[in-house]
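Work through the following exercises with the sequence and the structure in view. Try each task before you read its solution.

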Amino acid sequence: MSQTNIESMLDEKRVFEPPFARRDNAHVRSMEQYRELCSRADEDPEGFWAERAVKLLDWFRPFDSVLDADMQQADIRWFSGGRLNVAYNCIDRHLTRGRRNKAAIIWQGEPEEDVRVYTYQMLHDEVCRFAAVLRSLGVKKGDRVSLYMPMIPELAFAMLACTRIGAVHSVVFAGFSAVSLQNRIQDCEAKVLVTADAVLRAGRRIPLKNNVDEALRQCPSVEKCIVVRRAGVDIPMEAGRDLWWDELAADPELDAVCPCEEMESEDPLFILYTSGSTGRPKGVVHTTGGYLTYAAHTTQWVFDLQDDDVYWCTADAGWITGHSYIVYGPLALGGTSLMFEGVPTWPSPDRFWHIVQKFRVNIFYTAPTVVRSLMREGVEWTQKHDLSSLRVLGSVGEPINPEAWMWYHNYIGGGKLPIVDTWWQTETGGIMISALPYATPLKPGSATFPLPGIDAAVVDAEGNAVEANQGGYLVVRRPWPGMLRGVYGDPERFRQTYFERFAGMYESGDGARVDEDGYIWVMGRLDDVINVSGHRMGTAEVESALVAHPAVAEAAVVGMPHAVKGESIYAYVTLAADEDESEELRAELRTWVRKEIGPIATPEVIQFADGLPKTRSGKIMRRILRKIASGETSEFGDTSTLSDPGVITDLIDGRLELT
Ligand code: WT7
């Protein structure tokens, strides 16, 4: 976050008071009730969470203890002794409680006519069949299964099928490259990979299976690769390894019942890779009982999900948002979750609003980057559609700037709907700081208050709460059920990354301030992580991709403010001695990074630089690079530790030549 953004937030004084439209059956109806819930949770956190876990989920065996945790030792266990199954909770139990014929998943494919609706009974049958397929291929409890798939119903089926048999899924966003996929498969040693022939995107077919073939060249753990026919493109199938989903699922010998595995509360549920400031992406591990309790709990309170709602989260299931708020939260509650395969702007910029009207969507959850990009297309696109079914709007991924907030509120919310700006992370499993739609007075750009039971605070370097309007580290001082339980295969990295800096607290890596009314304003990452369109990109990953190119000697990457994406990637590249700067090389490097990591990591700007600003000990001073990238040419602060202050003027000259 640049300083200017922080300032503009400071100026934001508007307050929007509920009730936007009173709702007597809302899960949390007033600020008074919110405060009561907070006091109850603070006085007896274990009682509070035990009550939620019992109320929201069905347990095969009740838990013996609620919480056993030592944050300092990075040892956290929720609901020990309890046994449950996620697929059972998300599907089976609803069949006997009047929801057998209710829509569980409404799927809108990218082509308008491609719509599939799965009732809970149909979902049950699909998931059982695929779970039986996995079992027949030798997948057992605890085995890892990687999923590299488009936004098609089979992705949700595969996730739920894994949970049914106790396999641990690791979804890899289909926008990632072969190399990224390979790293993620290798790290968790997946036994099976599920994918599709190709992805449909903005009217084009983007091959997927060929990335898989490239990735699997060096993934000895993968025994079978299951392929969904989505786009109908011709692809090579490797005999003995590659199998078609539809052929496997049609096997008459399959056991159509496929009983649920009884899982321990702390058995791993899934691994999801996320970027950190250094090194390889971290495999964030979530476990069964706590994660599901938290996903269901937050879906119910934050979105006020009711039984007859159509709920739509526009995220891709390849990110945590899709895990918790397309699949697990809504389905655990027996809700109707809409899943969309396409993009917001194709075939026209009103695709989202068209879908809202088509299915009478009540709850709509998206990212600020989407709001900004649709805002640019003009309000006329919103006015073509009846958006009156909407009741709650949500935002996630980065701070929503007040301009985008007002547009969202006025043109999508008709000037009357609440916006829940939800702060959380892959690691937190679910929403941590957010307004409650029928309780909280809103301030545009603030995520407002921690949810009941969440002890979030802004602290100084010593871990003491800072005064109002002082910036500091955003931490959580008490465990919560949805928190990550580990970094796959690396307990030490887990402890160091999250629990070392502040004794007994979880460190989020974000900066924030609390205003005079107690509202939390998240300022963004404090580490070298860039937030592009609401997704974390590690600078180290992009740098190592650049340096892997033979023409590159050295690279430094920083975030630069971007009107639509929030931040975009600005790369400084020092070429190898015998290489010449050229536009061709610049284009080649951008393609290279796309290929190494994926389109989301493509540098917006590449500046060739003869030298980078380094301290005498050789550390790159990113602070300076960030300033230059955002167009500042003075006030670089203390530069006395630079080994060669002359590089700064060269870098500024280089930037001026670029623009
Ligand atoms: C980082 C987490 C959580 C799902 C999406 C991204 C930023 C997220 C907000 C918000 C301000 C936000 C933070 C956080 N972030 N939501 N409402 N206001 N910042 O998950 O990739 O793990 O990224 O996204 O910087 O640390 P993620």
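**Exercise 1.** Determine which elements the buried residues of α12 pack against.

Solution. Begin with the residues themselves: in α12 (351–359), the residues R351, F352, W353, I355 and V356 are buried, where buried means that 20 or more other C-beta atoms, placed from the backbone, lie within 10 Å of a residue's own, while 12 or fewer make it exposed and anything in between partly exposed. Next, look at their partners: these buried residues pack against β4 (103–108), β17, β18 and α14 (380–383). Helices here are DSSP runs of H or I with at least four residues, strands are runs of E with at least two, and both are numbered from the N terminus. Packing rests on contacts, and two residues are in contact if their C-beta atoms, placed from the backbone, lie within 7 Å.

The model is a predicted one, in which local features need pLDDT of at least 70 and side-chain atom pairs count only at pLDDT 80 or more, whereas totals for chains, interfaces and linings use all residues. Residues are numbered from 1 along each chain as its sequence is written.

**Exercise 2.** Find the residue that follows α12 and describe its backbone and its surroundings.

Solution. The residue that follows α12 is R360, whose phi is positive, near 50°. Most residues other than glycine have a negative phi, and most peptide bonds are trans. R360 lies in the loop between α12 and β18 (363–366), and because it has 13 C-beta neighbours inside 10 Å, it counts as partly exposed.

**Exercise 3.** Decide whether A74, which also has a positive phi, is buried or exposed.

Solution. First place the residue: A74 sits in the loop between β1 (67–70) and β2 (75–78), and its phi is near 55°. Then count its neighbours: A74 has 22 C-beta neighbours inside 10 Å and therefore counts as buried.

**Exercise 4.** Locate the cis peptide bond between W346 and P347.

Solution. The bond that joins W346 and P347 has an omega of about 0°, and P347 belongs to the loop between β17 (336–340) and α12.

**Exercise 5.** Work out how α10 and α11 are oriented to each other.

Solution. Helix α10 (residues 288–302) and helix α11 (residues 320–332) pack at an angle of about 85°, and their axes are 8 Å apart; the axes are lines fitted to C-alpha atoms over the stretch in contact, and angles run from 0 to 180 degrees between N-to-C directions. The two helices, α10 and α11, are therefore roughly perpendicular to each other, since angles of 65 to 115 degrees count as such, under 35 as roughly parallel, over 145 as roughly antiparallel and the rest as oblique. On the α10 side the contact is made by L292, A295, A296, T298 and T299, and on the α11 side by S324, Y325, Y328, G329, P330 and A332.
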